[in-house]
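I opened this notebook page to record what I looked up in one structure, entry by entry.

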Amino acid sequence: MNAAATAPGGDFLAEMARRSRARVALARARVPESALRGQADALPAAVPLRFSDQGFDLIAELKRRSPAAGALAGSALDQKAQACAYRDGGAVALSVLTEPERFDGELAHLAELSAASPDAALMRKDFIVDRYQLLEARVAGASGVLLIATMLEPAQLDDLLADALALGLFVLVEAFDAPDLEVCVPIMQKHGAGLARERLLLGINCRDLKTLQVDFARFSTLAPELPAGFPRVAESGVGSPEQAAEVAGLGYDVALVGTALMR
């Protein structure tokens, strides 16, 4: 399949941002932001992300569909059992896809897992463009969120990062290339002073979400550009223990793995 044909203009990420903004508008019409903020403020502190002492960790992902790989699980998926298997296998956090149109996710999936495993660190994986989505994540039981640097204007990334941290969430900031790093690293450094190491992570995604093509070599190319002080996360493209060992050898602290585990 021609990956570039999966979205109008060949830009998957722009399509997802448009759809995400539309969903936020509908959700805000149903539940005002002030009401959602009140729910979030009434919650106890989010479950903290805690790395192991082994030097390399895994964030395991629950997703039912991948636009690049197709269906990974149907309605028969027991996501509670899958989550238990991930945690029994040593995953320090679970990434939960909540995007409904291309990943078959739902915010309800996150809430269900939070209710079933209240001591688990859960990350909302979605195309976040608005602080309303951060409140949704917190109310649904998330401990953290993903922010995609290349999808956001610098001021937007700055504001969303500040809002997420103020809500007590950990944040994985995702970059694709050196220009992304030039933008997001100073913003992360601005907000990272005094934070626990697990609160702010820097990820490199070797799948270009504009075209859906994977370039595993991107991990090695960008490794020297990653600053000290933030845990380094290898996202997408890690499909085997050998590849996990490779990115660990490059200096990455965490791998985020979804498709390979769901299969």
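The entries below concern a predicted model.

**Entry 1, the sheet.** I began with the strands and found a closed barrel of eight, in the order S1-S4-S5-S6-S7-S8-S9-S10, with parallel pairing. I then looked up how the neighbouring strands of this sheet are set against each other, and the average turn is 25°, direction ignored.

**Entry 2, strand S8 and its partners.** I picked S8, residues 200–205, and saw that four bridges join it to S9, residues 232–235, the two strands running parallel. Leu 202 has Arg 232 as its bridge partner in S9. On the side of S7, I counted five bridges to S8, again with the strands parallel, and Glu 174 is bridged to Gly 203 of S8. Helix H8, residues 178–192, packs on the sheet with contacts to S7 (170–175) and S8, and its direction makes about 170° with that of S8.

I next asked how many of the residues of S8 are buried. Six of its six residues are, so I noted the strand as mostly covered, taking buried to mean under 20% relative accessible area. Leu 200, Leu 202 and Ile 204 point one way from the strand, whereas Leu 201, Gly 203 and Asn 205 point the other way, and all are buried.

Helix H5, residues 107–116, lies across S1 (57–62), S4 (93–97) and S5 (122–125), and runs at about 180° to S5. Its buried residues are His 109, Leu 110, Leu 113 and Ser 114. Seen down the helix axis, the buried residues of H5 fall within an arc of 130°, and therefore they line one face of the helix. Among the elements that cover them I listed S1, H3 (79–88), S4, S5 and H6 (131–139).

In the loop between S5 and H6 I stopped at Ile 128, which counts as buried because its relative accessibility is 1%. Leaving out residues up to four places away in sequence, I found that Ile 128 touches Gln 133, Leu 134, Val 145, Leu 146, Leu 147, Met 151, Leu 152 and Leu 160. I also looked up Ser 20, which is 108 residues away from Ile 128 in sequence, yet the two C-alpha atoms are 7.1 Å apart in space.

Is Cys 184 buried or exposed? It counts as buried, because its relative accessibility is 0%. Cys 84, by contrast, is partly exposed, with a relative accessible area of 41%.

Key. Residues numbered from 1 in each chain as written. Predicted model: local features only at pLDDT ≥ 70, side-chain atom pairs only at ≥ 80, totals over all residues. Heavy atoms only, no water. Pairing = 2+ DSSP bridges. Axes fitted to C-alpha atoms, helices over the stretch in contact; angles between N-to-C directions. Contact = heavy atoms within 4.5 Å. Buried < 20%, exposed > 50% of the residue type's maximum accessible area, 1.4 Å probe, protein only. Arc of directions from axis to C-beta.
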